[in-house]
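Hi everyone, thanks for coming. Let's have the model up on the screen, and then I'll talk you through it.

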Amino acid sequence: MLCEECREKNAVVFLKLAVNNKVTEMNLCPACAAKKGMGFGLESGAFNISDIVGNMSGYFKDFLPPEKKTLRCAACGLKYSEFKESGRLGCPECYAGFEPQLTELMSRIHGSSQHAGRACRGGPELKLSKAETCRRLDELRAALKEAVAKEDFEGAARLRDALKELDG
Amino acid sequence: MADLIKSFRPCVTWANARGAWPDMIFSTRVRFARNLAGFPFPNRAEPRQLAEIRRLALAAAKETGLFSKGHYLKIEALTPLERRFLVERHHVSHALASAVLPAGAAVANDEDLSVMINEEDHLRLQCLNAGFAIEEAFKAAVKLDEALGRELPFACGAKFGFLTACPTNAGTGIRVSCLAHLPALSRLGQMPQVLESLSHLGVTARGIYGEGTYVLGDFYQVSNATCLGRSEEEFCGNIDRVIRNLIRQEIAARETLLKGRFKLKTEDAVFRALGLLKHARTLSYEEFMQNISLARMGAAMGWNMGLDFSTFNQVTLLMQSAHIQAAAGRELSPAERDAFRAESLRKKLV
């Protein structure tokens, strides 16, 4: 069998790709397979399917409702537009920050937007390392300073409580 | 040769052939995606946070008692060969194996339980069992999930369930999958229709190493595509029904291959494959997989291939490149691997 790509050499790499539940077959010679970055992909473990079939980042874009450019997660700062682009959320709090938009997306992906599985308990408190505790304290202090500067006293009170709790 | 690889058993229990259809269902996997509350997801976390998450997760794994005499690994500290080995054993994904930032894994001594740390989510915990064993794998995975949940606060909410970096995994965070060998459907060219019909059932099929990998040797990783809005048991039940249906279709396809004009062609293809496996002097893993697939089908059809299904399964694992290099005791060039593979296979097939 001749290589599909160059039609000169014999095909020795026979590949089947399953993408979106469709099988694509490719029969290639080693040189053309290597050019496609997959000749010895299995040996090196360094292949990336998106190079071959084009990536699917458009997937979320099509399903997520448009939103104001300023919408972002209050906890980690991830912009809604960044989420739309990458399809990845920044932290657990993003689910609260983007709840209406995610409700629509979830219905489309899963056919439902309401969890019906095992209940999850909060779990125990973590024994954080000193470094992580310090980092979080610094973050809270910075946020507190900003809240005071903005005269957001409600927010400042919340942050002060959080600081007290973390500081023991 | 790396000590890590030596510390793993030469053969894995999850590759033993057992269960109702050992010739068709290689293994069953149930995984849960979990994240720690109070930390950004791995893609947005700083390296020191990733290190902290790993520290907490490995300590929690140890605390469960389910990983005694197991392996606690820092991925970025491993050699490329060691990482490759873990991928071949299905304990870590390609994505985790290429980690440069703090990432980890815990693997139980029996290699049935494992946890990936700082892959797309903070934790991906899984149970891997031999054969068609959804209920058993589910129970063991739940036990591991509950044990870890006693040590770590998982991010979750009443509406979206367990929260994950990608919304496609949120809710139960479950993925149930079976590694199915479907050579007859493939040979008859029916896989495109089969995959098409699977997509309507909320099921996806992927290559042998999971997401974004090639279909190799007619092995398909069949799993649920959605995981929110129903109970874990319902997702398991759906995959169970789909697999049973796939098995029926594969059996029918095998019967077709043994009828009329197909029979001689099938027999010829199977024995040519066996001949190639027995006599080749150099063998790439791809070529090995194409031919072992046919030999495996031949054995299921009642022809003497000289191997039982457990050995077929073990060989399928042992012929992978990192395993070949582990057996050789040193790193090999691709050409050397192909020669070593052919030689060690010949010894098994005499």
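**A walk through the two chains**

From the N terminus on, the elements of chain A run β-β-α-α-α-α-α-α-α-α-α. That makes nine helices and two strands in chain A, where helices (H or I, at least four residues) and strands (E, at least two) are DSSP runs numbered from the N terminus.

Before going further, some housekeeping. This is a predicted model, in which local features need pLDDT of at least 70, side-chain atom pairs count only at pLDDT 80 or more, and totals for chains, interfaces and linings use all residues. Residues are numbered from 1 along each chain as its sequence is written, while chains are lettered from A and ligands numbered from 1 in the order in which they are written.

On confidence, chain B has a mean pLDDT of 93, with 98% of its residues at 70 or more; pLDDT is the predictor's confidence in each residue, from 0 to 100. For the complex, the predictor gives an ipTM of 0.88 and a pTM of 0.85.

Back to chain A. Its division is into domain 1 (13–63), domain 2 (66–110) and domain 3 (130–167), with bounds that come from an automatic or database domain assignment. Between domain 2 of chain A and domain 3 of chain A, the C-alpha centres are 24 Å apart. Of the 168 residues in chain A, 26% are buried. Here, buried means that 20 or more other C-beta atoms lie within 10 Å of the residue's own; exposed means 12 or fewer, partly exposed is in between, and C-beta atoms are placed from the backbone. If you take contacts in chain A between residues at least 6 apart in sequence, 26% of them join residues at least 24 apart. A contact means that the two C-beta atoms, placed from the backbone, lie within 7 Å.

Now, how do the chains meet? In total, 60 residues of chain B are in contact with 45 residues of chain A. On the chain B side, helix α7 (residues 191–199) gives the most, with six residues. By class, that side of chain B has 29 nonpolar, 19 polar and twelve charged residues. For the classes, Ala, Val, Leu, Ile, Met, Phe, Trp, Tyr, Cys and Pro count as nonpolar, Asp, Glu, Lys and Arg as charged, and the others, Gly among them, as polar.

Next, the cores. A nonpolar core is a set of buried Ala, Val, Leu, Ile, Met, Phe, Trp, Tyr and Cys residues joined through C-beta atoms within 7 Å. The largest one has 134 residues, and Ala105(B) and Ala180(B) have the most contacts inside it. Helix α10 (residues 285–300) of chain B gives the most to this core, nine residues. Apart from it lies another core, of five residues, including Cys3(A) and Leu28(A). Setting aside residues up to four places away in sequence, Ala180(B) touches Met24(B), Ile25(B), Tyr220(B), Val222(B), Ile243(B) and Leu246(B).

Ala105(B) takes us to strand β3 (residues 104–107) of chain B. Ala105(B) and Val107(B) point one way from the strand, Gly104(B) and Ala106(B) the other, and all are buried. β3(B) pairs antiparallel with strand β2 (residues 71–74) of chain B over four bridges, and a pair needs at least two DSSP bridges between the strands. Tyr72(B) has Ala106(B) as its bridge partner. With strand β4 (residues 113–117) of chain B, β3(B) also pairs in the antiparallel sense over four bridges, and there Val107(B) stands opposite Ser114(B). Five residues lie between the strands of this hairpin, where Glu111(B) takes a positive phi near 65°.

Seven bridges join β1(B) antiparallel to strand β8 (residues 174–181) of chain B, with Val30(B) partnered by Val176(B). β1(B) also pairs antiparallel with strand β5 (residues 123–130) of chain B over eight bridges, and Arg31(B) stands opposite Gln126(B) there.

Last stop: Met305(B), in the loop between α10 and α11 (309–318) of chain B. It counts as buried because it has 24 C-beta neighbours inside 10 Å. Beyond its neighbours within four places in sequence, Met305(B) is in contact with Leu274(B), Ala295(B), Gly298(B) and Ala299(B).
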